[in-house]
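This briefing walks through the strands and helices of one model. Keep the structure open while reading.

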Amino acid sequence: MGAATAAGLAAGPAPIAVVGATGLVGELLLDLLAEAGVPARAVMALATERREARAVAYGSEQLAVQGLQEDTLGRAAVAFMATPNEVSAHWAPWAARRGTLVIDKSSRWRMDPAVPLVVPEVNGHHLVPGVRLVSTPNCSTIPLAMVLNLVRRHRALVRVVVSTYQAVSGSGREALEEWAAQARAEWAGIPAPPPRAYPAPIAGNVLPQCDVFGEAGFTGEEWKLMRETQKVLDSPVPVVATAVRVPVAVGHSESVAIQCAAPVAAGEVRAWLSDAPGIRLADDPAQGIFPTPREAAGTDDVWVGRVRSDPYAADTVHLFLSCDNLRKGAALNGLHILAEAIRRGAISA
Ligand SMILES: NC(=O)c1ccc[n+]([C@@H]2O[C@H](COP(=O)([O-])OP(=O)(O)OC[C@H]3O[C@@H](n4cnc5c(N)ncnc54)[C@H](OP(=O)(O)O)[C@@H]3O)[C@@H](O)[C@H]2O)c1
């Protein structure tokens, strides 16, 4: 996280509620807030109301996990919702109506025309004073939109075709635990428990189904990537996606073909991407340098490489990207939204 982002967050409004604090995204949000220097007393960790006492790590301290209720969330100046859709459906507008700035990670509000869907590097201008509910895009949409936004500054986009390689952590903690149990069973040569997170075992497998099948044979995840990218870019550019789950813990990757309105060369695209905030060009295949999810995991950047001109179409380039789905794909983008909202005066520090 940049120094300016951290300073903005540390000086930002309090208290900050992390709702879904026991989940993968919530846990990372807490780590990032602690790293940014936000004091523990300014942060509330909220999750399902439970009888047993629970605590989560906050830097070197522990925060008691409190139940999500009106009298807990109602005290927050800022709320990160890292919760399932049905929880965000009720609580995000409830808190926003009370004046809390709600930054929602679920997909519930993303395509609502009244709710901005924000990647600050692309469309931070939506964070105007008075905005109270902001949605953060799908973890595959964010890196794709960042790359396309840089290309379209130089060439109008005609069509984008993308295939994803999505990590298991994108489906939450239970999916990760299920994958681990399947892998252990496979190595031990014993039958694995039946799959619950996905339609088939993910251990030793590749699943061309993320989410459920829907309109025109595309899955919900594919439609999210297609429609959310258009909303973030504020462009009707056709985006056609195939979303695939792979047995990787953290780090979504994407193979992207970008067709432009005029000829475009790989060298030009490399130049447009190098030095762009949040992008790390890793593109020297002869030296074994290209993005991988393992390398991208734990970093803040969208790693881009394998940039190639299409040998058959002068208007098209191909590239490969990897990005930590929990960081820039989720928690970190939420923090960037808060920092940008403070910077633009959408919320007073
Ligand atoms: N994982 C990713 O890469 C990623 C990326 C982009 C977006 N997202 C979205 O971010 C959200 C969180 O994802 P995740 O991967 O962190 O999921 P997760 O690991 O399954 O965590 C879900 C969290 O929500 C809490 N929760 C569930 N029901 C609740 C309720 N009724 N009231 C209060 N808290 C409740 C859980 O608390 P308990 O411990 O009390 O059950 C847990 O803290 C989801 O909407 C997901 O689609 C995830």
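How many residues of strand β2 (residues 43-47) are buried? Five of the five are, and the strand is mostly covered. The model is a predicted one.

- Cover lies over both faces of β2.
- On one side, Val43, Ala45 and Ala47 are buried.
- Strand β1 (residues 16-19) runs parallel to β2, and four bridges join the two.
- Met44 of β2 is the bridge partner of Ala17.

**The seven-stranded sheet**

- β2 belongs to an open sheet of seven strands.
- The strand order is β3-β4-β2-β1-β5-β6-β7, and the pairing is mixed.
- β3 (55-58) and β7 (133-135) are the edge strands, each pairing on one side only.
- From one strand to the next, the twist averages 25°.
- Strand β5 (residues 78-81) pairs with strand β6 (residues 101-104) in the parallel sense, over four bridges.
- Within that pairing, Met81 stands opposite Asp104 of β6.
- Helix α11 (residues 327-343) packs on this sheet and touches β5, β6 and β7.
- The direction of α11 makes about 150° with that of β6.

**The six-stranded sheet**

- Another open sheet has six strands, in the order β9-β8-β10-β13-β12-β11.
- Its pairing is mixed.
- β9 (239-242) and β11 (279-281) each have a single partner strand, so one side of each is left without a neighbour in the sheet.
- The twist here averages 25° from one strand to the next.
- Three bridges pair β11 with strand β12 (residues 302-309) in the parallel sense.
- Opposite Arg280 stands Trp303 of β12.
- Helix α9 (residues 266-273) lies across β11, β12 and β13 (316-323).
- α9 runs at about 165° to β12.

**Helix α6 against α8**

- The axes of helix α6 (residues 141-152) and helix α8 (residues 220-233) come within 10 Å.
- They cross at roughly 45°, which makes α6 oblique to α8.
- The crossing of α6 and α8 is right-handed.
- From α6, the contact uses Thr141, Leu144, Ala145, Leu148 and Asn149.
- From α8, it uses Lys224, Leu225, Glu228, Thr229, Val232 and Leu233.
- By class, the residues of the α6 and α8 contact are six nonpolar, three polar and two charged.

**Helix α6 against α9**

- α6 also meets α9, the helix that lies across β11, β12 and β13; the axes of α6 and α9 come within 9 Å.
- How are α6 and α9 set relative to each other? Their axes cross at roughly 115°, and the two helices are therefore roughly perpendicular.
- The α6 and α9 crossing is right-handed.
- Val147, Leu150 and Val151 of α6 make the contact with Val269, Trp272 and Leu273 of α9.
- The contact of α6 with α9 has six nonpolar residues, no polar and no charged ones.

Notes:
Residues are numbered from 1 along each chain as its sequence is written. This is a predicted model: local features need pLDDT of at least 70, side-chain atom pairs count only at pLDDT 80 or more; totals for chains, interfaces and linings use all residues. Axes are lines fitted to C-alpha atoms, for helices over the stretch in contact, and angles run from 0 to 180 degrees between N-to-C directions. Angles under 35 degrees count as roughly parallel, over 145 as roughly antiparallel, 65 to 115 as roughly perpendicular and the rest as oblique. A crossing is left-handed if the near helix is turned anticlockwise from the far one by less than a right angle, and right-handed if clockwise. Two residues are in contact if their C-beta atoms, placed from the backbone, lie within 7 Å. Ala, Val, Leu, Ile, Met, Phe, Trp, Tyr, Cys and Pro count as nonpolar, Asp, Glu, Lys and Arg as charged, and the others, Gly among them, as polar. Two strands pair if DSSP finds at least two bridges between them. A residue is buried if 20 or more other C-beta atoms lie within 10 Å of its own, exposed if 12 or fewer, and partly exposed in between; C-beta atoms are placed from the backbone.
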